[in-house]
Amino acid sequence: MNEKSIILLGAGGHAKVLLDMILEQDMNIIGIFDNSTAQLGGGVFKIPVIGTDDDIKNYSPEKIELINGIGSVGVMNLRCKIFNKFKSLGYSFRHVIHKNSIISSRVKISEGVQIMAGAVINAGSAIGENSIINTKTSIDHDCKIGSHVHIAPGCTLSGNVKIGEKSHIGTGSSIIQGISIGKNVLIGAGSVVVNDIPDNVKVYGVPARIIKKLNEGNF
């Protein structure tokens, strides 16, 4: 069976990093689709922007897979909505894993997961669908990462950490062993998390403390 062709959704910074990985791995990419009309006719690394999300319906789910190039952009709901929209239309999402990441064979990786350069994920961990494990993040044993999570560059998760869906762990944050992070949580950059965190809050500091309540999906 022939491998499906690829369409990349988005033409921003996160999409650029993914496109670099796609090209390094010689995936068969058709083009980039972006909803900004300013991007139409442009391109990234000589790969053209050839349409908006509405144009994807012209391509059969039997022949293509999607890669979600939308980062957190302050609202994890956007990345989540795009994933769920196209899943409901029958499309699937390819996961993208950098060749210079280190991942135990005993890690469960769900659909559409993206793992960037220098990431380390140890045995017994599980990464939920559509999540981003960004550059040089370290995830130790038996961590459970929910769907639509973004763990930003340089984070450290000790063993048995749990992170709820649509949460964002800010750059350079550390979470000690056994901690549970709720859904739709924003952890500010450089924070050290030593206590469990409930749903729908922003936390920051050393140690991290709740500084704001959040509406679901909005940072």
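Me: Which residue is the bridge partner of Val120 in strand 13?
Reply: In strand 13, Val120 is partnered by Ser138. Strands here are DSSP runs of E with at least two residues, helices are runs of H or I with at least four residues, and both are numbered from the N terminus. By the way, this is a predicted model, where local features need pLDDT of at least 70, side-chain atom pairs count only at pLDDT 80 or more, and totals for chains, interfaces and linings use all residues. Residues are numbered from 1 along each chain as its sequence is written, and side-chain values use heavy atoms, with hydrogens and water left out.

Me: OK! How many bridges join strand 10 to strand 13?
Reply: Strand 10 (residues 120–121) and strand 13 (residues 138–139) run parallel and are joined by 2 bridges. Two strands count as paired if DSSP finds at least two bridges between them.

Me: What order do the strands have in that open sheet of 6 strands?
Reply: The order is 7-10-13-16-19-22, with parallel pairing. Strand 7 (102–103) and strand 22 (192–193) are at the edges with a single partner strand each, so one side of each has no neighbour in the sheet.

Me: And what about the open sheet of 5 strands, what order is that?
Reply: That one goes 8-11-14-17-20, with parallel pairing. Its edges are strand 8 (108–109) and strand 20 (180–181), and each has a single partner strand, so one side of each is left without a neighbour in the sheet. Inside this order, strand 14 (residues 144–145) and strand 17 (residues 162–163) run parallel, joined by 2 bridges. Ile145 has Ile163 in strand 17 as its bridge partner.

Me: Why is strand 2 largely enclosed?
Reply: Strand 2 is largely enclosed by the rest of the structure because 4 of its 5 residues are buried. Buried means under 20% relative accessible area, exposed means over 50%, and partly exposed is in between (1.4 Å probe, protein chains only).

Me: New topic, how many aromatic pairs are there?
Reply: There are 3 aromatic pairs. Rings of Phe, Tyr and Trp (its six-membered ring) pair if their centres lie within 6.5 Å; planes under 30 degrees apart are stacked, over 60 edge-to-face, and the rest tilted.

Me: What sort of pair do the rings of Phe33 and Tyr59 make?
Reply: Their centres are 5.8 Å apart and their planes are at 90°, so the pair is edge-to-face. The pair links distant parts of the chain, 26 residues apart: Phe33 is in strand 2 (residues 29–33), and Tyr59 is in the loop between strand 4 (47–51) and strand 5 (64–68). Phe33 is buried at 1% relative accessibility, while Tyr59 is partly exposed at 27%.

Me: And what do Phe83 and Phe93 form?
Reply: Phe83 and Phe93 form a tilted aromatic pair, with 4.7 Å centre to centre and 35° between the planes. Phe83 sits in helix 2 (residues 76–88), and Phe93 in the loop between helix 2 and strand 6 (96–97). Phe83 is buried at 1% relative accessibility, and Phe93 is buried with a relative accessible area of 4%.

Me: Is Asn130 buried or exposed?
Reply: Asn130 is buried, with a relative accessible area of 0%. Its side chain makes a polar contact with the side chain of Asn68 (3.2 Å), and another with the side chain of His148 (2.9 Å). A polar contact is a pair of N or O atoms within 3.5 Å; within protein, one must be able to donate a hydrogen and the other to accept it, and residues adjacent in sequence count only if both atoms are side-chain atoms.

Me: Last one: how many disulfides does the structure hold?
Reply: The structure holds 0 disulfides, a disulfide being a pair of cysteine sulfur atoms within 2.5 Å. The cysteine sulfur closest to that of Cys155 is in Cys143, 12 Å away, which is too far for a bond. Cys155 is buried, with a relative accessible area of 0%.
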